[in-house]
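Subject: Handover of the two-chain model

Hello,

Here is the model you asked for, with the sequence and coordinates first. My notes follow below.

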Amino acid sequence: MAINKDSNVFTFGFAIAMVVVVGTVLAVAAMGLKDRQKANVQQEKMKNILSTIGAMKADGDRSKAKGLFDKHVVEQKVFNAEGEIMEDAPEAFKIDVRKEYKSLPQSKRHYPLYVCEKDGETYYVIPMVGTGLWGPIWGYIALEGDMETIYGTSFDHKGETPGLGAEISQSSFQEQFEGKTIFNQEGKFVSVGVLKSGAEGNKHAVDGITGGTITSKGVDEMIDRTIGTYVPYFKTKKA
Amino acid sequence: MAEEVAEKDNVEEKEPLFSKKNRKLLTDPLDDDNPITVQVLGICSALAITVQVQQAIIMALSVVFVMIGGNLIISLMRNIIPNRIRIIVQLVVIASLVILVDQILKAFVYDISKALSVFVGLIITNCIIMGRLEAFALGNKPWPSILDAVGNAAGYGWILIAVAVVREFFGSGAISFPGVGQLQIIPQGFYEFGYMNNNMMILPPMALVTVGIIIWIQRSKNTKLIED
């Protein structure tokens, strides 16, 4: 029996069969690869945290991240928007700050803090999320044991312009932050600004990126807002 | 007598894998029938991802894969695809292949997937792919369809990479490769004498100008393309 290719029955049948086949293939692929993808994302997160305290290079081997993470991260805390420790919060590492930034108001978000140790020194690593020019930007900032000097940073972005805003993920931009302080001499929180120019010699600012003004401003705002939340805790710890 | 004719037909059907006609499928899109410079298709992605050479290379490879897959699948199904929904069928095939590529990249080469980010999704909107599916794969056997896919993807890829080389060299003073990173080409000494990167090159309009210059050079060299 010859099939009429242009009949409605055949067209519908073909469409249904195609959708079922394609759906099955994609579902199987997604399910089968999910664990691997999740592991990659987690290792990447660990690597980013570790890179801010210099325990791992930014281009280091991702598979070593888990072991190093367990070794260096000694404590994970979670704060609420007022800077108080939350006792009933989920594990800090499991909190997706980027998701919360998108879907929750500031007062409802969780603020994780990773307490790390390397060569006998203590470091505090804070995850940050903000908005760049084309999409989200995020990063980690590591403070030294005095809770005010920046030890290292790591920034990344979803789709900033290569060569311009995307430069925030380059070490030349990130290294500028090292040694800057977030409190002024009177002990007031001033954050670390990202300026258009003239940050040289300024202990509370770095130079922004030429042609990446909006991304630079996003980084500035992200650091100020995020670290600001932890300030009450740092103050009680220091006092 | 009848047997001889049958045999002759047989010989004709088994044309060599790289017959003159098939070779033309491969080489035509590189120059005479280039998808970007002659057919002016796929311009949007040519503007978006030619800031750095490494992105252009990865994009070109992804397009090769999706194009071969798409052309092959459509060509195999060409006799059963209902005419009225053929565009939807093509779209579904392309979209599924792209999602599959994206999933596999995420699972096995996470770093490359990170570098590509949104561009993988952009492959779906690349009009060259759908153009070839509609214009060639729907009416030809699988092997010529594969050759056509390789040829067109390569024709697209080399223009992409050429534009990216020009833009990255003048825009950043460097050339980047996947897995290697950016290599500075213009020496630091030049900058000390006051040389500056042309930031305009990084912005999309200059990609259009660069493509335009490539078309100009090509038309002045290739006599077949000169219009009266």
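To start with one span of chain B: over residues 56-76, what are the percentages of helix and strand, and how far apart are the end C-alpha atoms? The span is 100% helix and 0% strand, with its end C-alpha atoms 30 Å apart. Helices (H or I, at least four residues) and strands (E, at least two) are DSSP runs, numbered from the N terminus.

This is a predicted model, in which local features need pLDDT of at least 70 and side-chain atom pairs count only at pLDDT 80 or more, while totals for chains, interfaces and linings use all residues. Residues are numbered from 1 along each chain as its sequence is written, and chains are lettered from A and ligands numbered from 1 in the order in which they are written.

Chain B

The span above is one of those that an unreviewed UniProt entry lists as "transmembrane region": residues 56-76, 88-109, 115-133, 145-166 and 200-217 of chain B. UniProt positions are in the numbering used here, feature names are shortened, and annotations may be inferred rather than shown by experiment. For residues 88-109 of chain B, the model gives 95% helix and 0% strand, with the end C-alpha atoms 30 Å apart.

Chain B as a whole has 11 helices and two strands, in the order α-α-α-α-α-α-α-α-α-β-β-α-α along the sequence. Its C-alpha atoms fill a box of roughly 85 × 45 × 30 Å along the principal axes. Buried residues account for 36% of the 228 residues of chain B; buried means 20 or more other C-beta atoms within 10 Å of the residue's own, exposed means 12 or fewer, and partly exposed is in between, with C-beta atoms placed from the backbone. Of the contacts in chain B between residues at least 6 apart in sequence, 78% join residues at least 24 apart. A contact here is a pair of residues whose C-beta atoms, placed from the backbone, lie within 7 Å.

Val211(B) is in helix H11 (residues 204-221) of chain B. Val211(B) counts as buried because it has 22 C-beta neighbours inside 10 Å. Beyond its neighbours within four places in sequence, Val211(B) contacts Ile36(B), Ala46(B) and Val163(B). Val211(B) also lies 9.8 Å from Val40(B), C-alpha to C-alpha, although the two are 171 residues apart in sequence.

Val40(B) itself sits in the loop between helix H2 (20-27) and helix H3 (43-48) of chain B. With 13 other C-beta atoms within 10 Å, Val40(B) is partly exposed. Its phi is positive, near 50°, in a residue other than glycine. Most residues other than glycine have a negative phi.

Chain A

Chain A has five helices and seven strands, following the pattern α-α-β-α-β-β-β-β-α-β-β-α. Its radius of gyration is 23 Å, whereas a compact globule of 239 residues would have one near 18 Å. That radius is taken over C-alpha atoms, and the globule rule is 2.2 Å times the number of residues to the power 0.38. The C-alpha atoms of chain A fill a box of roughly 90 × 40 × 35 Å along the principal axes. Buried residues make up 32% of chain A.

In helix H2 (residues 65-72) of chain A, the buried residues are Ala65(A), Phe69(A) and His72(A). Seen down the axis of H2(A), they fall within an arc of 80° (from the directions from the helix axis to the C-beta atoms), so they line one face of the helix. They pack against helix H1 (8-52), strand E1 (73-79) and strand E2 (111-118) of chain A. The face of H2(A) turned away from its buried side carries the exposed residues Gly67(A) and Asp70(A).

Met147(A) also has a positive phi, about 60°, and is not a glycine. Met147(A) lies in the loop between strand E4 (136-143) and strand E5 (150-157) of chain A.

Between the chains

The contact takes 22 residues from chain B and 24 residues from chain A. On the chain B side, helix H5 (86-108) gives the largest share, nine residues.

Regards

Terms used: Contact = placed C-beta atoms within 7 Å.
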